[in-house]
Amino acid sequence: MAMTQLLSPELLLAALMLASTYALVALGLNLIYGAMRLLDVAHGDIMMLGGYVAWSGLTLLGVSPLLGLLGAMLIAAGLGAVCYALFFQRLVRNTAVAARLEANSLLIFFGISIILQNVLSLVFTADARSYNFLDALVQWGDVSVALNRLVILAISAGATIAVLCFLRFGVFGIAIRALIQQRDAASLVGIHADRVNRVVFCLGFALAGLAGALISMTESVTPFSGFPYTIAAFVVVILGGLGSLGGAVAGGLLLAFVEVYGVALFSAAYRSILVYGLFILILFVRPQGLFGRKANP
């Protein structure tokens, strides 16, 4: 590939759009893990639920997908509240299973994933669903890009920045960060862990629903297409560091740029090699991730 093509604005925009989407997905996943040490392997399926909400709103109700984003977030957050109350509230409180909390959560979330896939398949069938929305090309000089991709970039980047600002400056956000950094100490200073856990669960699910609704603007959704996004989210989270919220954003940027520019330099056949090669390299060089903290001996 010529250097002029490699430095093209279109390629940079593609990398930034993918990075912002990855960051949004990984941020929700990392919130749940950081606060409660729960491995949400159903994250991609929650994204697909958000995609179906946006598709249903437009095709069945005539509602703009931009409004459907809010519906996707609300429905996903409601699902998060229900899942937390039914499956995880007692699990997190039970100190007797603290040592195997991650393994238990992995099995529960795997069950939720299978249930979501089959419910979506029953309701919408297994056929791919897609729609056209803001697919006109925007031209800036020699640069052309689909308007919906610019919308995805703006909304996902804005939502990621908004969540990071909330966690940095909001009173409840500070409580969430305290719980992530030192769970026992946070309880000692009066932070209501159960209430914070519930909010984290709803927020993490809502971010996944938002990401899925955004992705549905450019890609088709099926009940079983969430798994690759779950894997990508885990790669991003581990690259940035488990429990590191800023690391999720940095990991999303790194993975997206390696993926987009690696495919441009070589071919799409090398995508998996590049992505997982980077993943393994980071694990060898820095096992705790780029921004993760080393475990105390």
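Does Ile191 count as buried or exposed, and what relative accessibility decides the matter? In this predicted model, the relative accessibility of Ile191 is 19%. Buried means under 20%, so Ile191 counts as buried. The residue sits in a loop, with helix H8 (183-188) on one side and helix H9 (193-215) on the other. Ile176 is 15 residues away from Ile191 along the chain. The C-alpha atoms of these two residues are separated by 9.0 Å.

The overall fold comes next. The chain has twelve helices and two strands. Their order along the sequence is α-α-α-α-α-β-β-α-α-α-α-α-α-α. The radius of gyration is 19 Å, close to the 19 Å that the globule rule gives for 297 residues, so the chain is as compact as a globular protein of that length. Along the principal axes, the C-alpha atoms fill a box of roughly 60 × 50 × 35 Å.

Contacts in the chain were also sorted by sequence separation. The count takes pairs of residues at least 6 apart in sequence. Of these contacts, 77% join residues at least 24 apart.

Of the 297 residues, 51% count as buried. The chain exposes about 14,200 Å². Carbon and sulfur atoms supply 68% of that area. Charges were treated separately. The chain has 15 positive and 11 negative charges.

The nonpolar interior was examined next. In soluble globular proteins, nonpolar side chains tend to be buried together. In this model, the largest nonpolar core has 91 residues. Leu31, Met36, Leu38 and Phe201 have the most contacts inside this core. Helix H2, which covers residues 9-36, gives the most to the core. Its share is 17 residues.

Two loop residues have a positive phi. One is Arg37, in the loop between H2 and helix H3 (43-61). Phi of Arg37 is near 60°, a positive value in a residue other than glycine. The relative accessibility of Arg37 is 34%, so Arg37 counts as partly exposed. The other is Leu134, in the loop between helix H5 (101-124) and strand E1 (137-140). Phi of Leu134 is near 50°, again a positive value in a residue other than glycine. Leu134 has a relative accessibility of 31% and therefore counts as partly exposed.

Gly51 lies in helix H3. Its relative accessibility is 0%, so Gly51 counts as buried. Leaving aside residues up to four places away in sequence, Gly51 touches Gly212, Ala213, Ser216 and Val221. Ala208 is 157 residues from Gly51 along the chain. Even so, the C-alpha atoms of Gly51 and Ala208 are separated by 9.8 Å.

Ala54 is also placed in helix H3. With a relative accessible area of 1%, Ala54 is buried. Ala54 touches Tyr131, Ala213 and Ser216, with residues up to four places away in sequence not counted. Ala213 and Ser216 are also among the residues that Gly51 touches. Phe169 lies 115 residues from Ala54 along the chain. The C-alpha atoms of Ala54 and Phe169 are separated by 31 Å.

At 7% relative accessibility, Gly262 counts as buried. Gly262 touches Phe257, Ser267 and Leu274, not counting residues up to four places away in sequence. Ala19 is 243 residues from Gly262 along the chain. The C-alpha atoms of Gly262 and Ala19 are separated by 14 Å.

Definitions and conventions: Residues numbered from 1 in each chain as written. Predicted model: local features only at pLDDT ≥ 70, side-chain atom pairs only at ≥ 80, totals over all residues. Heavy atoms only, no water. Helix = DSSP H or I, 4+ residues; strand = E, 2+ residues; numbered from the N terminus. Rg over C-alpha atoms; globule rule 2.2 N^0.38 Å. Buried < 20%, exposed > 50% of the residue type's maximum accessible area, 1.4 Å probe, protein only. Contact = heavy atoms within 4.5 Å. Areas by Shrake-Rupley, 256 points an atom, 1.4 Å probe, with all protein chains shown as cover. Lys, Arg positive; Asp, Glu negative; His and termini not counted. Charge placed at Lys NZ, Arg CZ, Asp CG, Glu CD. Core = buried A, V, L, I, M, F, W, Y, C linked by side-chain atoms within 4.5 Å.
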